[in-house]
Amino acid sequence: MLRFVARRILLMIPTLFVISALVYFIIDLPPGDCVTSQIDELLARGDPDAMRRADELRQLYGLDQPLWYRYLHWVAGIFRWDFGLSCQDTVPVSALIGERLALTIVMETATIAFIWITSFIIGVYAATHQYKLGDYVASFIGFVGLSVPNFLLALVLLYVGKVYFGLSIGGLMDPEYIEQPLSWGKVVSILQHLIIPVIVIGMSGTAGMIRRLRANLLDELQKQYVVTGRAKGLPPMRLLIKYPLRHAINPFVADIGGLLPDVISGSVIVSVVLSLPTTGPMLLGALKTQDVNLAATFLLFVATLTVIGMLISDLALAALDPRIRFGATSEK
């Protein structure tokens, strides 16, 4: 296992290097740069020093250097936790991301916990109560979650909360706590405002996992070893947990790798709609203004979560299912 983990970690390095290069060069492909919009605004005002200001800004952000040089400089800075300057506020990218990263981690962690717990409970219940009322309710939730876009559900909840209940559910805390230091009241406010974003962002992931877990568990419950266990008089709960459930949740565990980036990317539009001070709106603004350093840093962070999540899912699958072995080869 140690050799497997070491080999996977060594493989992550060139993988992330290739991803970082693709991300950096693709973001820079459109014509212009992050200074272009600022200079266009100065020209529209009739500023006679606009062109001189443009040269100063491009020199400040390193845009007067070749693209390959800027990329290598950015990569070298990663090892020093220096991701360059952001064009949005002329501040270091690390400081800009750090302001919103804590709230983002809290929201994404709560969303992933909501997806796993909810889908596991509903999926198991639906499979063990096939064609009963609970199964139909679970199927309805699955169809709604898969068919309704997250941002549309967020808009509906905003409208219902404001019109029918007089509640403002946007943001991650009450306005009076925005500039205040961390306190118990601020924590309670954040937890209250987390409910709607977690449900909205986690709905599609929950729906998909419910359908997969239900289908896999139904398939396992119909196999011969389950029938034999029932005939021998094994208690239903023990039989369910010890044998079919362990096999049915293999795809459930395998989704760990894709769930982390999916939750983060799916929260971008929802964060804009609900006015959440997370990294989602910041990424969207960076892509619109071609803030290469900021956008590439965030996307590299998502890619790192993906490869780490895939490693975790592989290790969990091997621990869960004895039929899976590290580097196993077939023997005759």
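Predicted model: local features only at pLDDT ≥ 70, side-chain atom pairs only at ≥ 80, totals over all residues.
Of the 332 residues in the protein, 39% are classed as buried.

## Overall build

The secondary structure is made up of 15 helices and 0 strands. When contacts between residues at least 6 apart in sequence are considered, 74% of them join residues that lie at least 24 apart.

Rolling a probe the size of a water molecule over the atoms shows where empty space is left. A search of the whole structure with a cut-off of 30 Å³ or more returns 1 cavity, and the volume of the largest cavity is about 40 Å³.

## Lining of the cavity

The residues that line the largest cavity are Met209, Arg212, Leu213, Asn216, Ala248, Pro251, Phe252 and Asp255. Two or more residues of this lining are given by each of the elements α8 (184-221) and α12 (250-254), and α8 contributes the largest share, with 4 residues.

Sorted by class, the lining of the largest cavity holds 5 nonpolar residues, 1 polar residue and 2 charged residues. Arg212 and Asp255, both among the lining residues, count as charged because Arg and Asp belong to that class, while Asn216, also part of the lining, falls in the polar class.

Definitions and conventions:
Residues numbered from 1 in each chain as written. Heavy atoms only, no water. 1 Å grid on protein atoms, 1.4 Å probe; cavity = no way out; pocket = protein on both sides within 12 Å on 5 of 7 lines; lining within 4 Å. Points joined across faces, edges and corners; volume = space filled by probe spheres on them. Buried < 20%, exposed > 50% of the residue type's maximum accessible area, 1.4 Å probe, protein only. Contact = heavy atoms within 4.5 Å.
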